[in-house]
Amino acid sequence: TLRALDPKAFVSSFIVKDTRPDGRPFSMCRPTHISTDILQKHTAGSALVKLGDTQVLCGVVLKVGVPNTADTGDIQCDNDPNLEQLLMSVLNLKCLLIEPGKAAWRLQISWQILNDDGNCDDAKVLAAVAALRNTILPPVQLITNNATTKTNGIVEIQDDNGITKGKPLEFTTCPVPLTVGLCSLANHQGDSEGKNDNTLLIADPTVEEQVVLDGTLTIIVDAMNDSKDILYLRHSGMMGIGRKELAVSAHMAYERAKELDGILYAGNKDK
């Protein structure tokens, strides 16, 4: 079939008809499902994100370390320094402090891509945010050696019924990502939503659609506040992007944030 023999021509045959292989408008993302508490035994928080057929699992593990110079805890992400920096900026890191100058929580975040049908980066961000919202910090007491003032360890504090009551993490923003594929339309005509002059903007591209892309633009916006702040912006590929394309993409990202606002707060729901 054309899909197997010439994937680019297959996708292009839909674009010239102002549609996509899965029938979505160019500005629409795939159905998004988020489930939390997937890994209950070995993590402090976890989430599974299904973005269409793309599936990403994320877990948060608690470790104890020495506070940084700002007397806060920190976050470590597996092989993703950009996402690590983003997540550190959206949390109140002071809530990770156990005892000033001596101990603080370190959140170790890791992912497993269960199925890649495109746009894993967006799924990773959503999974990390959902897993962090699912994370509970247990109340602990620092045990030190009085002679040397060195930390020997921590123990969990339980109430009179033997129950450990923890606290959730404190968020300052709620990042929501949108990756838009950039496709040149030099000889293509039409007025479909998402088109902008000679550039077609394809929201949440699948693996199948990646073959026709000349670049991508990822925008992460804040779904918690009404300021419409852009928290992160990344452009890749040979195709440039103008102000008009950027404005349209940003509007699509804000709409995506509204769409996912409730699901990120609630978990275990669909959109």
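## Rings, charges and cysteines

Trainee: What makes Cys 174 buried?

Mentor: Cys 174 has a relative accessible area of 0%, and buried means under 20% (exposed is over 50%, partly exposed in between, with a 1.4 Å probe and protein chains only). So Cys 174 counts as buried. Cys 95, at 6%, is buried too.

Trainee: Where do these values come from?

Mentor: This is a predicted model, where local features need pLDDT of at least 70, side-chain atom pairs count only at pLDDT 80 or more, and totals for chains, interfaces and linings use all residues. Residues are numbered from 1 along each chain as its sequence is written, and side-chain values use heavy atoms, leaving out hydrogens and water.

Trainee: How many disulfides are there?

Mentor: The count is 0, where a disulfide is a pair of cysteine sulfur atoms within 2.5 Å.

Trainee: How many aromatic pairs does the structure hold?

Mentor: There's 1 aromatic pair. The rings of Phe 10 and Phe 14 have centres 5.1 Å apart and planes at 70 degrees, so the pair is edge-to-face. The rule for Phe, Tyr and Trp (its six-membered ring) asks for centres within 6.5 Å; planes under 30 degrees apart are stacked, over 60 edge-to-face, the rest tilted.

Trainee: Why is Phe 14 called partly exposed?

Mentor: Its relative accessibility is 22%, so Phe 14 counts as partly exposed, whereas Phe 10, at 13%, counts as buried.

Trainee: What lies over the face of Trp 111?

Mentor: Lys 124, at 4.7 Å from the ring centre. The rule wants NZ of Lys or CZ of Arg within 6 Å of the ring centre and within 35 degrees of the ring normal. Arg 133 lies over the face of Phe 171, at 4.2 Å.
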